[in-house]
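Hello,

Here is the structure we talked about handing over. Please load it first, then read the notes below.

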Amino acid sequence: MSTTALSDTQVLAWARLVRAAQSMLGAIEGDLKTAGFPPLVWYDALLELKRAGTCGLRPFELQHAMLLEQYGVSRLADRLIKVGYVERFECKEDGRGQVLRITAAGRALLKKMWPAYRAAIVAHFAGKLTCADAETLATILAKLK
């Protein structure tokens with residue numbers, strides 16, 4: 001098969017992947033909102049910053065980790081800083097650069113959000129798959145990276 005040809009099955013798989021991702025993310029966002037939590041993107045950003053430890057992340061590193069546009073990371077960082085979940089520092093290696101670090105309040109929010117997020121993952125994803133299904137899906141998705 002040439003690199004430009006697509007089978008009907010490949011098109012169907014693509015459409016189902018996109019629809020499933022959109023559906024699950026929407027449902028999980030809804031569950032978090034119902035539980036009184038901020039959007040999932042906040043959780044994802046805070047998790048990346050927590051993983052970075054005391055070194056923090058430069059905005060472009062957070063952008064790369066989260067696959068967001070630069071303007072999206074800037075706005076997100078500003079919101080997280082405003083509510084006290086993230087701190088911004090000057091970068092020692094680059095005087096014009098900045099480093100973002102999670103605060104204690106940000107770590108506390110992650111911990112508080114996880115049970116609701118976990119339950120949503122189970123309800124909208126994991127609970128619909130066997131462990132073998134999940135392993136197969138993980139293997140397939142790894143090919144798409």
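**Cysteines**

The sulfur of Cys91 lies 11 Å from the closest cysteine sulfur, that of Cys55, which is too far for a bond. A disulfide needs the two sulfur atoms within 2.5 Å. Across the whole structure, the search finds zero disulfides. Bear in mind that this is a predicted model.

Cys91 is buried, at 4% relative accessibility. Cys131 is exposed, with a relative accessible area of 71%.

**Salt bridges**

How many salt bridges does the count come to? The count is two.

One joins Asp78 and Arg88 through their side chains, at 2.6 Å from N to O. This pair links distant parts of the chain. Asp78 belongs to helix H4 (residues 70-82), and Arg88 to strand E1 (residues 86-90). Asp78 is partly exposed, with a relative accessible area of 41%. Arg88 is also partly exposed, and its value is 35%.

Another salt bridge is formed by Glu48 with Arg51. Their closest N and O atoms are 3.5 Å apart. Both residues sit in helix H2 (residues 40-52). They are three residues apart there, so about one helical turn separates them. Arg51 counts as exposed, at 59% relative accessibility.

**Two loop residues**

Start with Thr103. It lies in the loop between strand E2 (98-102) and helix H5 (104-124). Is Thr103 buried or exposed? Thr103 is buried, because its relative accessible area is 11% and the cut-off for buried is under 20%. Which residues is Thr103 in contact with, leaving aside neighbours within four places in sequence? They are Gly84, Tyr85, Val86 and Glu87.

Now Gly127. This residue is found in the loop between H5 and helix H6 (131-142). Gly127 is exposed, with a relative accessible area of 58%. Not counting residues up to four places away in sequence, Gly127 touches Ile121 and Val122. From Gly127 to Leu110 the C-alpha to C-alpha distance is 22 Å, and the two are 17 residues apart in sequence.

**To recap**

The search finds zero disulfides. The salt bridge count is two.

Best regards

How values were computed:
Residues numbered from 1 in each chain as written. Predicted model: local features only at pLDDT ≥ 70, side-chain atom pairs only at ≥ 80, totals over all residues. Heavy atoms only, no water. Helix = DSSP H or I, 4+ residues; strand = E, 2+ residues; numbered from the N terminus. Buried < 20%, exposed > 50% of the residue type's maximum accessible area, 1.4 Å probe, protein only. Contact = heavy atoms within 4.5 Å. Salt bridge = Lys/Arg side-chain N within 4 Å of Asp/Glu carboxyl O.
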